[in-house]
Amino acid sequence: MQTLINSWTQKSWVQRVGLLLAIISYGLLYPGVMEPIMTLSASVSLFGLKTQMFHETRSIWETVETLHNLGYSGVAVAIVTFSVVIPVSKALLIIFTWLKPSPGRWRFIAAVSKWSMADVFVVAILVSFFTAQATAELEAELLQGFYWFTAFCLLSIASGQLLAYQASTNK
């Protein structure tokens with residue numbers, strides 16, 4: 001604990017803000033992965049009767065489980081990699097680099113943080129595809145999990161950039 005306090009007092013305000021943004025962002029990661037991210041509804045109108053075909057609400061984690069159970073393990077692994085593995089690895093690397101600074105590690109963190117938005121980008125494309133192809137029969141709605149995860153990604157990217165920027169100016 002004393003090492004963290006000493007490290008905190010030796011850092012610039014830019015690095016402190018970067019670390020605080022990282023901590024806040026990781027507080028958003030869990031609800032971003034576990035809360036419902038999207039609802040898809042499909043219905044069919046036939047002879048004046050409207051029947052709902054399906055109505056599903058899923059989180060990122062539920063989507064991963066479903067993809068795995070349906071035999072799409074490669075896609076499930078890719079989503080887990082971008083949504084969980086890379087962010088958690090980045091958090092551990094930030095803590096390690098905070099305690100034992102290295103400009104190269106800060107640059108690596110900044111490069112990795114850019115990949116955090118890949119998952120949000122994929123979801124946005126899916127939603128736009130569904131809504132663009134939709135008639136009155138198909139609806140897609142973004143839910144709180146999407147916003148939690150987007151906030152995590154944006155804060156995580158900002159923290160990585162702030163931490164790497166300060167490290168590059170200290171050369």
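A: Ser41 has Glu139 as its bridge partner in β3, and His55 as its bridge partner in β2. The model is predicted: local features need pLDDT of at least 70 and side-chain atom pairs count only at pLDDT 80 or more, while totals for chains, interfaces and linings use all residues. Residues are numbered from 1 along each chain as its sequence is written, and side-chain values use heavy atoms, with hydrogens and water left out.

These bridges belong to an open sheet of 3 strands, in the order β2-β1-β3, with antiparallel pairing. The edge strands are β2 (49-59) and β3 (138-142), each of which pairs on one side only. From one strand to the next, the twist averages 15 degrees. Two strands count as paired if DSSP finds at least two bridges between them. Between β1 and β2 there are 10 bridges, in the antiparallel sense; between β1 and β3, which also run antiparallel, there are 5 bridges.

Helix α3 lies across β1 and β2, and runs at about 105 degrees to β2. Such angles lie between N-to-C directions and run from 0 to 180 degrees, with axes fitted to C-alpha atoms, for helices over the stretch in contact. Glu65 is part of α3 and counts as partly exposed because its relative accessibility is 40%. Buried means under 20% relative accessible area and exposed over 50%, with partly exposed in between (1.4 Å probe, protein chains only). The C-alpha atoms of Glu65 and Ala76 are separated by 7.3 Å, although these residues are 11 apart along the chain.

Ala76 is one of the buried residues of α4; others in this helix include Ile79, Val80, Pro87, Ile94 and Trp98. Helix α4 covers residues 73-99, and at 1.5 Å a residue its 27 residues should span 39 Å, which agrees with the 37 Å between its end C-alpha atoms. The expected span is 1.5 Å times one less than the number of residues. Centred on Thr81, α4 has a kink of about 45 degrees, a bend being the angle between axes fitted to the seven residues ending at a residue and the seven starting there.

Leaving aside residues up to four places away in sequence, Ser25 touches Phe152, Leu155 and Ser156, where contact means heavy atoms within 4.5 Å.

For the whole protein, there are 7 helices and 3 strands, in the sequence pattern α-α-β-β-α-α-α-α-β-α. Helices (H or I, at least four residues) and strands (E, at least two) are DSSP runs, numbered from the N terminus. Of its 171 residues, 36% count as buried. Among contacts between residues at least 6 apart in sequence, 68% join residues at least 24 apart.
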